Amino acid sequence: MKNRIKEFRTKKDLTQKECVKSFNEYLKKKNIKGVTTATWSRWENGLNTPTKKMWNNLADFFDVPVSYLRGANVDEIIEQVDFKKLSPLGLFFYENESSNKDESLEATEIKLHENMLNSILYSEKGSALESMNKYIEFLSKLKDKITTFDNDEFLDSYLNDVVAEYWWDDTSNSDLATVNHKLIREVLKRVENGNKELRNYIVKKFIYDSSDMLESYFEYKKNHKEDITEVKAYLDESEKEFKKNDPKLYNLLDSIKNIKIVEKDKK
């Protein structure tokens, strides 16, 4: 992958010597040691590679994203971004950290992409490059968000949200509520003691299948050949309670839970 240092130097209409002088003046303001023309020449010809810090300085000097200056194109950057990892964990994290709270990730990406395409088709070269830089910078930052995403911190926090969803405070059946609290505390204690597999299983089931927390715990214990007596008794009793309190809804859900949707063959 060939970098674009020479390309941006020529856009400034500078010789190597002139560009090195200008770049060194920029570095001097930041109290950074300058570079020689020979070093610059090796950078342009790919015979040597700038350090990470120097790439950042070069990108600031040319006012372009580092990834684009290093030679990546938009398609290559898009390929590096695994959007599947963003949903739902990364998306939640990115959108909550975004400076623009009114725009979703998808809306921002679509807008920047459309602006870039319109600028390439209808605007001057300078405007097209600027819109491309904005789009590439967005994707680059998105990739960084994925790379630095703290899964453990998020999942621990998300588990607490799941707990809040299923913490039963129904005083009409205090015995059932007591067992509910006991089992949830049991889950939290196991996670606190380092059982990340259990935490991940419950959160994943909740996010993707909207599964009840203790139903997921029951499945987990069953899959691991653990004693399921207490949690099964709780689920059976809570199902009876649900049927007694809301028989119409119970019967409706019971009638559709085993229905399979069969897609007709397309001719």
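Contact here means heavy atoms within 4.5 Å. On that basis, 61% of the contacts in the chain with a separation of 6 or more are between residues 24 or more positions apart. The model is predicted, so local features need pLDDT of at least 70 and side-chain atom pairs count only at pLDDT 80 or more, while totals for chains, interfaces and linings use all residues. Residues are numbered from 1 along each chain as its sequence is written, and side-chain values use heavy atoms, with hydrogens and water left out.

**Overall composition**

- The secondary structure comprises 15 helices and zero strands; helices (H or I, at least four residues) and strands (E, at least two) are DSSP runs, numbered from the N terminus.
- Of the 267 residues in the chain, 34% are buried, where buried means under 20% relative accessible area, exposed over 50%, and partly exposed in between (1.4 Å probe, protein chains only).

**Packing of α2 against α4**

- Helix α2 (residues 16–29) packs on helix α4 (residues 52–62) at an angle of about 105°, with the axes 11 Å apart; axes are lines fitted to C-alpha atoms, for helices over the stretch in contact, and angles run from 0 to 180 degrees between N-to-C directions.
- This angle makes α2 roughly perpendicular to α4, given that angles under 35 degrees count as roughly parallel, over 145 as roughly antiparallel, 65 to 115 as roughly perpendicular and the rest as oblique.
- From α2, Cys19, Ser22, Phe23, Tyr26 and Leu27 meet Met54, Asn57, Leu58, Asp60, Phe61 and Phe62 of α4.
- The contact of α2 with α4 has eight nonpolar, two polar and one charged residues; Ala, Val, Leu, Ile, Met, Phe, Trp, Tyr, Cys and Pro count as nonpolar, Asp, Glu, Lys and Arg as charged, and the others, Gly among them, as polar.

**Nonpolar cores**

- A nonpolar core is a set of buried Ala, Val, Leu, Ile, Met, Phe, Trp, Tyr and Cys residues joined through side-chain atoms within 4.5 Å.
- The largest nonpolar core has 25 residues, of which Ile5, Phe23, Trp40, Trp43, Leu58, Phe62 and Leu69 touch the most other members.
- Two or more residues of this core come from each of α1 (5–11), α2, α3 (37–44), α4, α5 (66–69), α8 (105–122) and α9 (125–147), and α4 gives the largest share, six residues.
- Neighbours within four places in sequence aside, Leu58 is in contact with Ile5, Phe23, Trp40, Trp43, Pro50 and Leu69.
- A second, separate core of 22 residues includes Val163, Val191, Phe206 and Met213.

**Val64, between α4 and α5**

- Val64 lies in the loop between α4 and α5 and counts as buried at 8% relative accessibility.
- Beyond neighbours within four places in sequence, Val64 contacts Phe8, Ala59, Leu69 and Asn133.
- The C-alpha atoms of Val64 and Lys134 are separated by 8.6 Å, although these residues are 70 apart along the chain.

- At the start of α13, a side-chain oxygen of Asp212 comes within 2.8 Å of the backbone nitrogen of Leu214.
- Buried residues in α13 (residues 213–223) include Met213, Tyr217 and Lys221.
- Lys221 has 9% relative accessibility and, neighbours within four places in sequence aside, contacts Glu186, Arg190, Glu226, Asp227, Ile228 and Val231.
- Lys225, with a positive phi near 55°, follows α13.
- Glu230, in α14 (residues 229–245), is partly exposed at 35% relative accessible area.
- Not counting residues up to four places away in sequence, Glu230 touches Lys182, Leu183 and Glu186.

Technical notes: Polar contact = N/O pair within 3.5 Å; in protein donor to acceptor, adjacent residues only side chain to side chain.
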